[in-house]
Amino acid sequence: MAKEEKKPFSQTMTEWRHFIYNPNSGEFLGRTAKSWGLILLFYLVFYGFLAALFTFTMWVMLQTLSSDIPKYRDRIASPGLMISPKPENALEFSLNKNDSRSYRSYVESLHKFLGAYNESKQTRNIPCPKGKLFEQTSSNKSACQFSRTILGPCSGLKDENYGYGQGTPCVVIKMNRIIGLKPEGNPYIDCSAKEEGKAVITYFPPEGKIDLMYFPYYGKRLHPQCRRHDRSRCCWTIHGEKQQAFGL
């Protein structure tokens, strides 16, 4: 079998130039202008249809959503709780009333947390009737006032150390917001010490009750003043002379 002769370089370049553009037939990259036009038109229509279909699908989906209330709210059946100050070790606090360094971080945390409920910042909220749900029909929702005075000795208004200097420390409990939640009956928070008989618990407000006037919550868009507003506080007092460790 005879070996195929290698084309000269000049011939190869000529063939490539004719492939890129053939002046005789007017073809560019092997296709005429009409052929390229039909191909471009096809892909323009094809991708235009896909873009229109995607846009329409997104539009239909958005019609089922509300900008004010999430569509699915069944993942959290009941509200969660958080405490302030947060202990360093799980839910156990350790302090010495005679050593301010042992509880300084707790006091600073309470100052920061309760600072959002100072009287000067509550003027934008309104007084609400106690003992019943505060349901609103207007588009602009209002938040009820929360006075730190109902926290009694745990308010920090008279005792800036929140009882930590006397061995009777306070812990604040906050209930997270859930849109549309309407409690049945009279909701309350019940706290218990990890070791029975070691702590005496006192609630502020009394009995750890949560006033119904703070319900329902309408969402951060409809209820913007309620974004930093909490439902209730529960504080308990631990009595002791020396270093105390207690937990929930």
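Helices (H or I, at least four residues) and strands (E, at least two) are DSSP runs, numbered from the N terminus. The model is predicted, so local features need pLDDT of at least 70 and side-chain atom pairs pLDDT 80 or more, while totals for chains, interfaces and linings use all residues. Residues are numbered from 1 along each chain as its sequence is written, and side-chain values use heavy atoms, without hydrogens and water.

Ser-84 lies in strand 3 (residues 81-84). Ser-84 is buried, at a relative accessible area of 6%; buried means under 20%, exposed over 50% and partly exposed in between, with a 1.4 Å probe and protein chains only. Beyond its neighbours within four places in sequence, Ser-84 is in contact with Ser-109, Leu-110, Phe-113, Val-171 and Val-172, where contact means heavy atoms within 4.5 Å.

Strand 3 and strand 5 run antiparallel and are joined by four bridges; pairing requires at least two bridges found by DSSP. Across this pair, Ser-84 stands opposite Val-172. In strand 5 (residues 172-175), Val-172 and Lys-174 point one way, Ile-173 and Met-175 the other, and all are buried.

The chain as a whole has three helices and six strands, in the order α-β-β-α-β-β-α-β-β from the N terminus.

| Property | Value |
|---|---|
| Buried residues | 31% of the 248 residues |
| Contacts at least 6 apart in sequence that join residues at least 24 apart | 69% |
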